[in-house]
Each structure stands twice: as structure tokens, then as C-alpha cells.
Amino acid sequence: FVRSVQSSRCLPSKTYTRTMKDELTQKLAQKYPTIFTELGSTPQQSCMAFGIECGDGWYDLLDVLCESLTYLYETGSIGGDQRYAPMDPPKVIATQIKEKFGTLRFYYRLSLSDQVKDLQKQAETDPILASSIDKWISDYIRYIDGIIHMAEYMSARTCECTGFKGELHRTPSGWYKVLSPTYAILNPDLALCGYKPCSSYE
């Protein structure tokens, strides 16, 4: 299962890079090795080859998101419901993490345990078992997507550059970014780009 360039003239590299700093990326990878399994892959293998494609300000947001996803497969339960505990729960593996239209996007695939894969083979001749497994996986997908949606929603309120409270800004040419209003004004490069709160265009 897989869930489904701004101009350098406008955004100088000294102000904003397309990827999170290596030290922060590696810190997340060390804390959540399963989620970041594809980090360091080739571009042909995974979009994670390009690293975490957003600013450092979303580090804490990603940390909380990954911690929540780790809790899911470490405890093997959904919201404490032990009915889902008998089978090893699927694990989330990030396939791409980036900013898009100003907010966070977290794409992933599920890795199923050998136990579940064996049951899927048995289910090829057992429609009832197949239906039960499909529902079990769908329940996890809904739960995982809910966690991710909350993080993506919160990114719209978190400055991508500083991590402080922010709001969606855009330039006259249509580039979007969530910024702290103060930082958008005081940072000369962002000010030069003309970033203003979207609400000011109304």
C-alpha cells in the first residue's frame, strides 16, 4: 500500500534549502529507523533519496508524527483495542516527505510481517479470511492516515523555517509557504520575495 522548485532567485540557498539539515534528518532516522528505512536509497528506488524535503522548522512536528506511528506498531493495538493484537501490525515506511503548496506531505507504504503474508496466502482459497485481513489492514490505514492528516494540518500553523506559530503566506507570483509573520518581515530574503499572509490578499 502506498499513500498516495521554487526559483533560487526568489529564495537564496542561504535562507531556505529544499531539504532538512543532515543532522536533523539523521536524528530522526536514528530514533525511527523503520520509518526511515528508505533514506539513502537511489532516486530510482525511493523519493527518500532526496532526504526530507522541507525546512528545519517542521522537525518537532515530524518527530511527534513518527513517535505516534512508532507507538502504533510497537504496541500492536489501535487506540488500546487489543482485538488487533493477535497479528503483527503493519509498519509504516516513509516514501516521501516534503512541502507542497505550503504545507507538509507525508507519503508512505505499509510493510507487512511474514505472519500476515502467510495468512494472505491462505486467504487465496478462503474468502472469509481474505475479507477479515482486508478489513484489518484497512482499519490500520484509516488510523495511520488520521495521524498523518493531523500533522499535515498542524503544519499549516507552524513556520517551516523557525518552528514558531505561523500562517500560510504567498508571493505575488503564487509561491506558498507557512511562515511566522514576524520572520517573513524581518528576513530580508523572504521580504524581497514579497511573502505576505494569504489573508492580506482577500
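**View 1. A nonpolar patch on the surface of the predicted model.** M150, Y153 and M154 together form a nonpolar patch on the surface, with about 300 Å² of accessible area. Patches are made of residues with over 30% relative accessible area and no salt bridge, where like charges are joined within 9 Å and nonpolar side chains (Val, Leu, Ile, Met, Phe, Trp, Tyr) within 5 Å. Accessible areas come from the Shrake-Rupley method with a 1.4 Å probe, and for residues only the protein chains shown count as cover. M154 belongs to helix α4. With a relative accessible area of 33%, M154 is partly exposed; buried means under 20% relative accessible area, exposed over 50%, and partly exposed in between (1.4 Å probe, protein chains only). Residues are numbered from 1 along each chain as its sequence is written, and side-chain values use heavy atoms, with hydrogens and water left out. This is a predicted model, in which local features need pLDDT of at least 70 and side-chain atom pairs count only at pLDDT 80 or more, while totals for chains, interfaces and linings use all residues.

**View 2. The whole chain and its confidence.** The protein has six helices and five strands, and along the sequence these follow the pattern α-α-β-β-α-α-β-β-α-α-β. Helices (H or I, at least four residues) and strands (E, at least two) are DSSP runs, numbered from the N terminus. Of the 202 residues, 45% count as buried. The accessible surface comes to about 11100 Å², and 54% of this belongs to carbon and sulfur atoms. The mean pLDDT (the predictor's confidence in each residue, from 0 to 100) is 86, and 85% of the residues reach 70 or more. Over residues 1–15 the pLDDT is below 50, and this stretch has 34 contacts in the model beyond near neighbours in sequence. Contact means heavy atoms within 4.5 Å.

**View 3. The largest nonpolar core.** This core has 40 residues, and I35, F36, L62, I97 and F106 are those with the most contacts inside it. α1 (22–31), α2 (59–75), β1 (91–100), β2 (103–111), α3 (114–122) and α4 (127–155) each supply at least two residues of the core. The most comes from α4, which gives nine residues. A nonpolar core is a set of buried Ala, Val, Leu, Ile, Met, Phe, Trp, Tyr and Cys residues joined through side-chain atoms within 4.5 Å. Leaving aside residues up to four places away in sequence, I35 touches C66, L69, T70, Y73, V92, I93, A94 and F106. A second, separate core has six residues, among them L179, A184, L190 and Y195.

**View 4. The loop between β1 and β2 at F101.** F101 is found in the loop between β1 and β2. Its phi is positive, about 55 degrees, although F101 is not a glycine. Most residues other than glycine have a negative phi. F101 counts as exposed, at 60% relative accessibility.

View 5. The structure holds six salt bridges, each defined as a side-chain nitrogen of Lys or Arg within 4 Å of a carboxyl oxygen of Asp or Glu. D56 pairs with K21, with the closest N and O atoms 3.7 Å apart. This pair links distant parts of the chain, as D56 is in the loop between α1 and α2, K21 is in the segment before α1, and the two are 35 residues apart. D56 is partly exposed at 23% relative accessible area, and K21 is partly exposed at 46%. G55 lies in the loop between α1 and α2 and is buried, with a relative accessible area of 5%. The C-alpha atoms of G55 and T19 are separated by 6.2 Å, although these residues are 36 residues apart along the chain. A further salt bridge joins the side chains of R109 and E38 (2.6 Å, N to O). R109 is in strand β2 and E38 in the loop between α1 and α2, 71 residues apart. R109 is partly exposed at 27%, whereas E38 is buried at 10%.

View 6. E160 forms a salt bridge with K177, the closest N and O atoms lying 3.5 Å apart. K135, D139 and R142 are linked in a network of salt bridges.
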